[in-house]
Amino acid sequence: MAQKMLKISYNLLIISIIILTSTPKSQAIFARTTTKAQQQPQNLTHIQFYFHDYVSGPNPTAIRIAQAKSTDQSSSSFGALVMIDDPLTEGPGNDSKIIGYAQGMYAFADQQQFALMMTMNLVFIEGDYNGSSLSVMGRNPVMESVREFGVIGGSGVFRFASGYAQAKTITMMDPNGATIVEYNVYVSH
Ligand SMILES: *[C@@H]1O[C@H](CO)[C@@H](O)[C@H](O)[C@H]1NC(C)=O
Ligand SMILES: *[C@@H]1O[C@H](CO)[C@@H](O)[C@H](O)[C@H]1NC(C)=O
Ligand SMILES: *[C@@H]1O[C@H](CO)[C@@H](O)[C@H](O)[C@H]1NC(C)=O
């Protein structure tokens, strides 16, 4: 039995070698090696701002778009998915200047505790950063004082970005329906 199997797999090996060697080599015209446009040393930038997540009130910026049948029975809201377009401001006040938006989603991804899977773009609208963005992803156990996410990429001045973001809640559900979170982002680009 084992010998027969061995013989079959040996035959398969021979057949695949024949197929592989007889297939013409790809010309790879869609990709080629190049060099970076500017060979400057990378900058490390520290960005600090405040994230305003309005889950209720007259103009919510965080809207639940989906949930599982069992989400309402879950003590950690497991299975809920929220789409956000949250303003990012210079200071913690709700009248502080808006410097960008956090656009993306967070999902309740833990069956035991409130822990979100964040996936969002930080889109900047001010100064040198206007039109540039950072892509952020990570786990957000919201009850912990400081949470950390990865910066996995960027656009514009943030091309080739990598780094991390630390999030610290300073106000949970204020009278306007907003949770305000201080962000410190360290990014090399
Ligand atoms: C680094 O920062 C300097 C000064 O702001 C800027 O001129 C330069 O283009 C930046 N380099 C990169 C790679 O972004
Ligand atoms: C900011 O907070 C004040 C006081 O709670 C409130 O009157 C005002 O409507 C809020 N503004 C926004 C944009 O939420
Ligand atoms: C940001 O860029 C947009 C589009 O290019 C432009 O309309 C806007 O005035 C710019 N904002 C600032 C503050 O420079």
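Here is a short briefing on the fold, the salt bridges, some loop residues, the ligands and a surface patch.

This is a predicted model, in which local features need pLDDT of at least 70, side-chain atom pairs count only at pLDDT 80 or more, and totals for chains, interfaces and linings use all residues. Residues are numbered from 1 along each chain as its sequence is written, chains are lettered from A and ligands numbered from 1 in the order in which they are written, and side-chain values use heavy atoms, with hydrogens and water left out.

**The overall fold**

- The protein has one helix and nine strands, where helices (H or I, at least four residues) and strands (E, at least two) are DSSP runs numbered from the N terminus.
- Of the 189 residues in the protein, 33% are buried; buried means under 20% relative accessible area, exposed over 50%, and partly exposed in between (1.4 Å probe, protein chains only).

**Two salt bridges**

- How many salt bridges does a search of the whole structure find? The search finds two, a salt bridge being a side-chain nitrogen of Lys or Arg within 4 Å of a carboxyl oxygen of Asp or Glu.
- Side chains of opposite charge can pair when their charged atoms come close.
- One salt bridge joins the side chains of Lys 97 and Glu 126, at 3.4 Å from N to O. Lys 97 sits in the loop between E3 and E4 and Glu 126 in the loop between E5 and strand E6 (133-141), so this pair ties together parts that are 29 residues apart in sequence.
- Lys 97 is partly exposed, at 43% relative accessible area, and Glu 126 is partly exposed too, at 30%.
- Another salt bridge joins the side chains of Arg 139 and Asp 110, at 2.9 Å from N to O. Because Arg 139 lies in strand E6 and Asp 110 in the loop between E4 and E5, the pair ties together parts that are 29 residues apart in sequence.
- Is Asp 110 buried or exposed? Asp 110 counts as buried, with 15% relative accessibility, whereas Arg 139 is partly exposed at 42%.

- Look for Ser 74 in the loop between strand E2 (62-66) and strand E3 (81-89).
- Ser 74 and Asp 110 are 36 residues apart in sequence, and their C-alpha atoms are 9.9 Å apart in space.
- A polar atom in the Ser 74 side chain lies 3.1 Å from the backbone nitrogen of Ser 76, and a polar atom of that side chain lies 3.2 Å from the backbone nitrogen of Ser 77.

**Positive phi angles**

- Phe 160 is not a glycine, yet it has a positive phi of about 65°. You can find Phe 160 in the loop between strand E7 (147-155) and E8, and at 57% relative accessibility it counts as exposed.
- Met 173, also a residue other than glycine, has a positive phi near 50°. Its place is in the loop between E8 and E9, and at 44% relative accessibility Met 173 is partly exposed.

- Which residues surround ligand 1? They are Gln 40, Pro 41, Asn 43 and His 189, each having a heavy atom within 4 Å of the ligand.
- A polar side-chain atom of Asn 43 lies 2.3 Å from an oxygen atom of ligand 1. Taken alone, ligand 1 exposes 360 Å², and the protein buries 42% of that (accessible areas come from the Shrake-Rupley method with a 1.4 Å probe; for residues, only the protein chains shown count as cover).
- Around ligand 2 you find Tyr 54, Asn 94 and Asn 176. An oxygen atom of ligand 2 is 2.4 Å from an N or O atom in the side chain of Asn 94.
- A polar side-chain atom of Asn 176 lies 3.1 Å from an oxygen atom of ligand 2. Taken alone, ligand 2 exposes 360 Å², of which the protein buries 35%.
- Ligand 3 has Ile 125, Glu 126 and Asn 130 around it. The side chain of Asn 130 has an N or O atom 2.3 Å from an oxygen atom of ligand 3. Taken alone, ligand 3 exposes 360 Å², and 25% of that is buried by the protein.

**A nonpolar patch**

- Val 55, Met 143, Met 172 and Met 173 make a nonpolar surface patch of about 410 Å². Patches are made of residues with over 30% relative accessible area and no salt bridge; like charges are joined within 9 Å, and nonpolar side chains (Val, Leu, Ile, Met, Phe, Trp, Tyr) within 5 Å.
- Met 172 is in the loop between strand E8 (162-171) and strand E9 (178-188).

Terms used. Polar contact = N/O pair within 3.5 Å; in protein donor to acceptor, adjacent residues only side chain to side chain.
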